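Biologist: Could you take me through this model and tell me what lies behind each label you use?

Modeller: Gladly! Here it is.

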Amino acid sequence: MSTAPSAHFVRGITANLLYWSAQVAEPPGNLAQEHANLLLAVQFGMRLPRTERQALLLMQQSSILIEDLGIWQEWIPLLEQWLERRQDRPPAQRVLVQILLGRWLRMSQQLEPALAYHQRAATAVQQLDDALLHAEAVSYTHLRAHE
């Protein structure tokens with residue numbers, strides 16, 4: 001039997017996500033040494049329904065930094081686990097995770113799984129009224145044809 005996290009704990013997770021959002025918005029500085037803490041902040045945030053959206057946005061905001069640091073492989077299991085556990089989440093959240101996961105799998109030379117995630121994202125995004133997300137999802141499926 002699990003107990004719900006206290007309001008104090010949820011506020012702490014929220015504050016931590018806000019802190020990291022501010023850190024990521026600034027020039028990298030010491031984030032290369034602190035990336036493990038950024039990953040932990042997102043991991044904790046993605047586990048709570050009240051902070052999940054904020055954690056996903058932080059991950060999206062951090063994606064270029066994650067790629068620049070060459071640490072995307074550390075994030076792949078988090079995204080895979082989230083997709084397995086969170087099948088009930090809004091399509092926009094799932095599409096975002098599928099796009100990032102596909103991108104990072106592609107960067108890891110795992111082209112077939114990457115394409116599969118991008119195709120799922122492109123299919124799911126058709127239900128959404130988000131032109132930017134739609135363009136991003138569809139562009140990755142076509143990128144494979146030109147590699």
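**Labels and the values behind them**

Modeller: Of the 147 residues in the protein, 41% are buried, where buried means under 20% relative accessible area, exposed over 50% and partly exposed in between (1.4 Å probe, protein chains only). This is a predicted model, with local features needing pLDDT of at least 70 and side-chain atom pairs counting only at pLDDT 80 or more, while totals for chains, interfaces and linings use all residues. Residues are numbered from 1 along each chain as its sequence is written, and side-chain values use heavy atoms, with hydrogens and water left out.

Biologist: Thanks! How many helices and strands does the secondary structure come to?

Modeller: Seven helices and zero strands. Both are DSSP runs numbered from the N terminus: helices are H or I with at least four residues, strands are E with at least two.

Biologist: Where is the kink in H2 centred?

Modeller: On Asn37, with a kink of about 30 degrees. The bend at a residue is the angle between axes fitted to the seven residues ending there and the seven starting there.

Biologist: Why are H2 and H4 called roughly parallel?

Modeller: They pack at an angle of about 0 degrees, with their axes 11 Å apart. Axes are lines fitted to C-alpha atoms, for helices over the stretch in contact, and angles run from 0 to 180 degrees between N-to-C directions. Angles under 35 degrees count as roughly parallel, over 145 as roughly antiparallel, 65 to 115 as roughly perpendicular and the rest as oblique. H2 and H4 are therefore roughly parallel to each other.

Biologist: Which residues of H2 and H4 meet?

Modeller: From H2, His35, Leu38, Leu39, Val42, Gln43, Met46 and Arg47 meet Glu74, Trp75, Leu78, Trp82 and Arg85 in H4. Contact here means heavy atoms within 4.5 Å. The buried residues of H2, including Leu38 and Val42, pack against helix H1 (7–25), helix H3 (49–69) and H4.

Biologist: Now the loop between H4 and H5, where Arg86 is found. Why does Arg86 count as buried?

Modeller: Its relative accessibility is 14%, which is why Arg86 counts as buried. Arg89 is found in that loop between H4 and H5 too, and with a relative accessible area of 17% Arg89 is therefore buried.

Biologist: What makes the link between Arg86 and Glu52 a polar contact?

Modeller: A polar contact is a pair of N or O atoms within 3.5 Å; within protein, one must be able to donate a hydrogen and the other to accept it, and residues adjacent in sequence count only if both atoms are side-chain atoms. The side chains of Arg86 and Glu52 are joined at 2.9 Å. The Arg86 side chain also reaches the backbone oxygen of Met46 at 3.4 Å. Arg89 and Glu52 are joined through their side chains at 2.4 Å, and the side chains of Arg89 and Asp88 make a polar contact of 3.3 Å.

Biologist: And how do you know that Leu83 is buried?

Modeller: Leu83, found in helix H4, has a relative accessible area of 6%, so Leu83 is buried. Not counting residues up to four places away in sequence, Leu83 touches Arg94, Val97, Gln98, Leu101 and Tyr117.
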